[in-house]
Every structure is written in C-alpha cells, then in structure tokens.
Amino acid sequence: MVQAINSAQDVMLERDSSVVVFGEDVGYFGGVFNCTEGLQKKYGIQRVFDTPIAEGGIIALAIGMGVNEMRPVTEIQFSDYIYPAFDQIVSEASRLRYRSGGEYWAPITIRTPCGGGIRGGQTHSQSPEGIFTHVSGVKTIMPSNPYDAKGLLISAIEDDDPTIFFEPKRLYNGPFFGDPKAKAQSWDNHEKGDVPEGHYTIPIGKAETVRRGSDLTIVTYGTMVHVSLAAAELSGYDVEIIDLRTLTPLDIDHIASSVCRTGRCVVVHEATKTGGFGAEILSQIQENCFWKLEAPITRVAGWDIPYPHAFEWEYFPGQGRVLDAIKKVMEG
Amino acid sequence: MVPSSGKNLNVPAPRHRPGEEPEFDNLDIPNAGAIARPDVLSDPKEMFAYANSMIRVLNMKNNAVGEWDPCLSADDLRKGLTHMLTTRIYDDRMQNMQRVGKMSFYMKSRGEEAIAVAQAMALDKKDMLFPSYRQQGLLISRGRDLLDMMNHCLSNSRDNCKGRQLPIMYTWKEGNFFSISGNLGTQFCQAVGWAVASAYKGEDAIAATWVGEGTTATSDFHHGMTFAAVYNAPVILNVVNNQWAISSFQGFAGGERATFASRGIGYGMPGLRVDGNDFLAVYAVTKWAAERARSGGGPTMIEHFTYRAGGHSTSDDPAKYRPEDEPEAWPLGDPIERLKGHLVEIGEWSDERHEQAIKDITALVTKKYKEAESYGTLTSGARPEVSSMFEDVFKEMPDNLRRQRQQLGV
C-alpha cells in the first residue's frame, strides 16, 4: 500500500504542476513510512519538501496555497499529531467555501497514517476519524487496500474540497487479519494488491461490498475489513461485508440496501466506541432499516480508553470480538 | 494554601483603570524623521534597532520629515484622507444602525484608519490581503462599493456571503481580499501559504496579513512567522498594536517585556515598528517591505503602534475597563487629524474643504445605506434564498444535504 500511495502522488505530480507534496520528513527522507520516497529526487525540492514541525502551520500553508490556485498534498506524520491542526481543518479549510459564499475554497488533501497494531503506544495508534466525520465541509476517506488507496488518493487530490485521507498503517505492508502472532503477509498475492501503473480513480462517497452473503451485514472500513473477513470465514454464517472506503459523505443507500436484505448488522471499527463513527452508521441504519431488522445492531470497536502500549492486543478488536458479535446477532 | 501574595508572580495590569487620570509618560517615542531608511535588502541582523524604536514621518507640527518621507503627491494625500474619512463615516453609520437593531454586530476601526488605508495604497492591486476584522479601510481604498459592504453587514438578499457570516467578516475575491474568519490569527500562516505559491509560480504578487497584538499569543502567529522565515515568503506580516484586546491590555500578549516588532528578530526577519497613526510612515514602511518581498528579500514584520479609540465591538463598553478619556490622551494623536493638518500645512487643504468632504461622504453613505436597506436587513425585508444555506458546504451537494434541505421544505 505504501507503493500505491507513493504512486498516486507520483501520478499527480507528473500530471499537474499545481500539485505539491509537503509535510514533516517527506522530502529527502521520503517520509517515516516511505510514502513519498523518491518523489523529491524526481520532482525537485520546490515540489516535494519538508516543513517545520507544526501541523497547524502545515495545514494553514496548504490552505493559502490552495487559495492561490495550487493543489497541496500534505502529510500529517501520524494522525495522533493532527490535533494541533484541528482549528485550521475544522474552522478554516472546511468552512472556507461556505463562509465566503463560494468565492474561495481549499482544494487540499491531508494524508495521515492511523490505527494501531504497530506497537506505537497511545500517541502513534489512534483512529481519530470520528472527530472529523462530525465536521461539515470535509470529506473523510479510509482505504483498506492498495488498489483502492491509489484510486481514492488520486480522487482526493483532484477534488476541489478538502479531504482527509486516513491510511491504516498496519496495512502499509500487507493485509492484517487481527492475529499478531500469525506470519505477516505481503500484498503480493492479494487481489487488491495489484496496482495498475498510471492514472485511475475510485469515486469518493462509494462503498464496496467485499464479501457477498445473506445472513448478516458487517459494515466496516480500514484494517477491520480484513479482520472482519477472517471472522466471517470462521463463523460459518453467510456474512456480507461492506468496506465503506469513504466515511463522509456516507454511502448510506449501499449500506441500507444490504441490511434491509439481510436483516442483521454488525458495525466494526478500531476507534474507541462511544461517540465513534459506528454510532452514526448504526443510527442511519436504524432510520432506514428498522422494520426489516431481525436483531439489534451490534458494534465492535476499541475500548473507551487510550491505546495502551503493553495491552495493544487486548485493546485491538480482533477476530474473536467480531466473531462474538456475529454469533450474538445471529443467535441472540 | 495561603492567600495569594507571591512576590515573584506577575499578573499584568494596565497603568490606568476607569476613574484614573490617563497618561502615557512611560512611552519612549522618538522624534519624527529621527530614523534612517535602510536599503530594502538590508541584513535583518543589522536592523535590530528598528524593532525597538519607531519610524515616524509626520511631526506634531504637521510637517513630513526625514528619510522615510514617501513624498506622495497632494492628490494621493487627499485620496488617503478621503479614504480614511469614508472609513470613519461608514463605521459611525453602521454602528448606529446596529444600535437601532438593523444588524447583529459591528466593529469600528476608529483611530486605526491610517493603517488599512495607507497599506492598501502602498500595495499593488494584485497583492493578496489576508486581514483581520478591523481593516475595512482596505476595502474602501481598493474601491469596493460601500453598497456591497453594507449588503453584507445587513445579511440581506445581495450579501455576497449569502447571509452566512457575521457583519464585517467580509469576502471580496475580485479585490484580492480574503474571507475574514472570525477565529483570530488563522489567516496569518494562510497568507504565508499564498505568498509561497506566488513565489513557486514565479509571480511577483505578494501577500499581506494583519493580526492584533493580542493575537501574537496564538500558535497561528508563531506558525506564520516560522513558515514565512523558513520559505523566505514574499509576505508582509502586520501586527496592529492598538493596546487593547477587548478588555485585556497589551501586557497580556507579552508587550510589557519587549516590543511586538522585536518578535521578528528571533525569526531572522526585519521587525519594523511604526507610528500607526502616521499615514505617511505607514505608507513608507509598507512600500519598503513590499519592495523587499518583491526583490526576493522575503518577509517583513511590521508593528503598527496605535490606539483603539472605540470599543472592541458593539458588544463591549470600554468605559468599564479603561478611563473614558484615554483615547484623547493618546500621545500620537488621531490619524485623520494629523494627515489633514499636514495637507493644510502644505497649502493643499483647508477646514472648509474638510467640512465639505465630510458632508459629501456622509451624503454618499446615507444614500448607499438607504439603497442597501431596500434589499433587506437581518430582521426585515428580503434575505438570501433559504435553500441556499445548504449550498457551498461542498462544491457539489451530497445526498445527505439534499435530503436535509428537502426535510426543511425548501
């Protein structure tokens, strides 16, 4: 997935001279996760460059550049570090088009690695997407595989509205099914690991059904797509799985049509539970599918605690917790 | 715990509170013309003194003196005076209309008119402005129709912000005037981004941005200074030190220990301190900084030393936190009176012409206001289409907003 993200930026830098890439350590070094490796060498120091360690400044810089007809792609090194930029994202980038009556806008992309499972402790493991899905005027995206990552990132860069592109860092080098003791797999043999050269897009705002089934629908995104797929296999039930890919705008029609058909639903994410994006998904399913539901909808999520370093796998909602939820919804 | 009496703790307090005699004897104000004008590409390391002194051109006898005199033509001086008068008369009218309930809020720029007006005149029209909320003089100097400004403040059917913004949070793309946020200081580093893009494209347009001295306490200020310095951005970073941030005097932004201009020194950029009530000095300093930026010299920080002669906004009464006659005691006078005095002194203006100008501008403002009201006010008459409130959240309206609009029945 690292190469896919790199390639998306490469493609856009090549096609559009208004695209620039910047963030902490993204230039010569190529980013702490190598997502911009080689880009500075290829496009020069004025198009791919390092920034001061000031996330609020990075986003403000991007907004100003966006207003001056550029298309900045920024990296916030860890999504745990995005909070100093909160005001610039929430009060500025997201509202500029609105507050100016449509005269100004900020076509900026904010890439940021999220999620745990890499022994990052409470400051390198968070999933803060739910904080931003609550904000009007910004689109939030989280891919689960290299093919989607590249197509969605190109869409985000080409989009005239601000986008936050969350990259589940546990998926950077291969799919992860929730078992830290299992042998690590690469993307090489995965059907979505094969990323075409050149330009292609995946539309923002469209979910994808990644497993068809008739007993129950799992609605999920990011790393938890793979964990859910593994749990579905173990469950023995005919589970349908929807990978949201874009969180906002939410593809509720896609979700509702599935849940109304299966009548059962589990919502899964890695972020903490209370007030998480799962609560919004659940509400909207309830609004759209209540009379078709055959069991209460259940959520599987991170506990409502900071991500603890030594108890990473007790925190992480692994296959067992997803499996329990499937059984509970199926068997009562 | 014992009652608070720690002798090493300082909670700043202004020199005077209501009921006390205001005086500013503590201010160290150099004479007009006392300071040399350096080459625009001078090394910031050789310019430390500028941050701790004060550039002044107009002396208190209304003469323009010294190397910083921009030698403007009488026509330009009269233009500057007219823009300042227009700003003040416009402000007074709009504040009155707020008082009678025609709009929710207003902020005057009384006492600070020279800054916005002189700077707008010193910059090119292609230069991009990222103002705070007290630079309406920029709009007026750049020729925005007062009617459009009023339409915005009234949130009426012709408001270009479509009824979404508080009054005075203007947007004017045609005039290269950014959208005013309302959250303090957020524009400071955005201006730097705009300037970096201009440099990236090889264009010679520069950016200018403004914050008050209170806002220098924010991280946005620090970000703007750092990023401007790091990327050598062609930008002018203005701090309008009007002494007051609502009821907090400049000591709460650290002004008791060092001048605000001296903040520039630590970032390796020139910090110029200027008499903000001196139209000619503000003009000259801005020209210097603009020329420096256009010549590849990068950012300049300017502290405009001035005084907020009115309240912060229509929501506060300054008599509750400072002496009522403090504005009159301000030793650097009133910017309009000073430029008027200069024009009279050089034989290019008179009291009669001044009175006539006030009459003419007042009549114009009255006429424009009458027309603006015919397009509605916040509380009566026409307003933007209600359905438009769901537009411009995104470039294209997503389904959830379309459904919510239908739910509202518009």
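1. Val26(A) has 26 C-beta neighbours inside 10 Å and so counts as buried, the cut-off for that class being 20 or more. The residue sits in the loop between β1 (19-23) and α2 (39-43) of chain A. Setting aside residues up to four places away in sequence, Val26(A) touches Val21(A), Gly31(A), Thr36(A), Val48(A), Asp50(A) and Glu75(A). Glu233(A), by comparison, is 207 residues away along the chain, and its C-alpha atom is separated from that of Val26(A) by 39 Å. This and everything below refers to a predicted model.

2. Asp28(B) is a case from the other chain. This residue lies in the segment before α1 (48-52) of chain B. Asp28(B) and Ala363(B) are 335 residues apart in sequence, with 41 Å between their C-alpha atoms.

3. On the interface: 33 residues of chain A are in contact with 35 residues of chain B. On the chain A side, α3 (55-67), α4 (86-93) and α5 (96-99) each supply at least two of the residues that touch chain B. The most comes from α3(A), which gives nine residues. By class, the chain A side divides into 13 nonpolar, 13 polar and seven charged residues.

4. One helix pair spans the two chains. The axes of α3(A) and helix α7 (residues 219-230) of chain B come within 9 Å and cross at roughly 70°. That angle makes α3(A) roughly perpendicular to α7(B), as the range for this term is 65 to 115 degrees. The crossing of α3(A) past α7(B) is right-handed. From α3(A), the contact uses Gly56(A), Gly57(A), Ala60(A) and Leu61(A); from α7(B), it uses Ser219(B), Asp220(B), His223(B), Thr226(B) and Phe227(B). These residues divide into three nonpolar, five polar and one charged.

5. Leaving aside neighbours within four places in sequence, Lys173(B) is in contact with Glu103(A) and Tyr104(A). With 15 other C-beta atoms within 10 Å, Lys173(B) is partly exposed. Within chain B, Met128(B) is 45 residues from Lys173(B) in sequence and 9.4 Å from it in space, C-alpha to C-alpha.

6. Just after α9(B), Gly296(B) takes a positive phi of about 90°.

7. A partner of α9(B) is helix α3 (residues 113-122) of chain B; the two pack at an angle of about 40°, with axes 8 Å apart. α3(B) and α9(B) are therefore oblique to each other, and their crossing is right-handed. α3(B) contributes Ala114(B), Ile115(B), Ala118(B), Gln119(B), Met121(B) and Ala122(B) to the contact, while α9(B) contributes Phe279(B), Val282(B), Tyr283(B), Thr286(B), Lys287(B) and Ala290(B). The contact has nine nonpolar, two polar and one charged residues.

8. In chain A, helix α9 (residues 252-262) packs on helix α10 (residues 277-289), with axes that come within 10 Å and cross at roughly 60°. α9(A) and α10(A) are therefore oblique to each other. Their crossing is right-handed. The residues in contact are Ile252(A), Ile255(A), Ala256(A), Val259(A) and Cys260(A) of α9(A), together with Ile281(A), Gln284(A), Ile285(A), Asn288(A) and Cys289(A) of α10(A). Eight of these are nonpolar and two polar, with no charged residues.

9. Helix α13 (residues 399-408) of chain B lies largely in the open, because the number buried among its ten residues is zero. Just after α13(B), Gly409(B) takes a positive phi of about 80°.

Notes:
Residues numbered from 1 in each chain as written. Chains lettered and ligands numbered in written order. Predicted model: local features only at pLDDT ≥ 70, side-chain atom pairs only at ≥ 80, totals over all residues. Helix = DSSP H or I, 4+ residues; strand = E, 2+ residues; numbered from the N terminus. Contact = placed C-beta atoms within 7 Å. Nonpolar A, V, L, I, M, F, W, Y, C, P; charged D, E, K, R; others polar. Axes fitted to C-alpha atoms, helices over the stretch in contact; angles between N-to-C directions. Parallel < 35°, antiparallel > 145°, perpendicular 65-115°, else oblique. Left-handed = near helix turned anticlockwise from the far one by under 90°. Buried ≥ 20, exposed ≤ 12 C-beta atoms within 10 Å, placed from the backbone.
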